[in-house]
Amino acid sequence: MPLQRRLPKRGFKSATLKYNAEITLSDLERLDVAEVDILTLKQAGLVRSNVRVVRVIRTGELKRAVKLAGIGVTKGAKAAIEAAGGSFA
């Protein structure tokens, strides 16, 4: 049997995943800041210090207006933030 068939199969893990993070709408609700960016999230301890890309996912509820700067959002989170009166920059 050839060598490539005898060796166990292994998956692929991207090296850039350690620079990505996700936060939820409930995390934004607990954070008492009107304007949120990556630096604000790092100082609050919601994301690690080496994170470069942050994305908001729709888990929980957001009842107040929040302005996001430099943060990505999912389609459901975008609708929830706009319904609460928030905006994106």
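Thr 74 lies in the loop between strand 5 (72–73) and helix 4, where helices (H or I, at least four residues) and strands (E, at least two) are DSSP runs numbered from the N terminus. At 19% relative accessibility, Thr 74 counts as buried; buried means under 20% relative accessible area, exposed over 50%, and partly exposed in between (1.4 Å probe, protein chains only). Leaving aside neighbours within four places in sequence, Thr 74 is in contact with Arg 55, Val 56, Ile 57 and Arg 58, contact meaning heavy atoms within 4.5 Å.

This is a predicted model, in which local features need pLDDT of at least 70, side-chain atom pairs count only at pLDDT 80 or more, and totals for chains, interfaces and linings use all residues. Residues are numbered from 1 along each chain as its sequence is written, and side-chain values use heavy atoms, with hydrogens and water left out.

**Confidence**
- The average pLDDT of the chain is 92, and 100% of the residues score at least 70; pLDDT is the predictor's confidence in each residue, from 0 to 100.

**Overall layout**
- The chain has 4 helices and 6 strands.
- Along the sequence, these elements follow the pattern α-β-α-β-α-β-β-β-α-β.
- The C-alpha trace spans about 65 × 25 × 20 Å along its principal axes.
- The radius of gyration is 18 Å, while a compact globule of 89 residues would have one near 12 Å. This radius is taken over C-alpha atoms, and the globule rule is 2.2 Å times the number of residues to the power 0.38.
- Of the contacts between residues at least 6 apart in sequence, 53% join residues at least 24 apart.

**Surface and burial**
- Of the 89 residues, 27% count as buried.
- The chain exposes about 6,400 Å², and carbon and sulfur atoms supply 52% of that area. Accessible areas come from the Shrake-Rupley method with a 1.4 Å probe; for residues, only the protein chains shown count as cover.

**Nonpolar core**
- The largest nonpolar core has 19 residues, of which Leu 28 and Val 56 touch the most other members. Such a core is a set of buried Ala, Val, Leu, Ile, Met, Phe, Trp, Tyr and Cys residues joined through side-chain atoms within 4.5 Å.
- Two or more residues of this core come from each of strand 1 (20–24), helix 2, helix 3 (38–44), strand 3 and helix 4 (75–83).
- Helix 4 gives the most, with 3 residues.
- Not counting residues up to four places away in sequence, Leu 28 touches Ile 23, Val 36, Val 56, Leu 62, Arg 64, Leu 68 and Ile 81.

**The salt bridge**
- A search of the whole structure finds 1 salt bridge, defined as a side-chain nitrogen of Lys or Arg within 4 Å of a carboxyl oxygen of Asp or Glu.
- Asp 27 and Arg 30 form this bridge, with their closest N and O atoms 2.2 Å apart.
- The two residues are 3 apart in helix 2 (residues 25–30), so about one helical turn separates Asp 27 from Arg 30.
- Asp 27 is buried, with a relative accessible area of 15%, whereas Arg 30 is exposed, at 60%.
- Side chains of opposite charge can pair when their charged atoms come close.

**Thr 40**
- Thr 40 is found in helix 3 and counts as buried at 18% relative accessibility.
- Beyond residues up to four places away in sequence, Thr 40 touches Leu 31, Val 33 and Glu 35.
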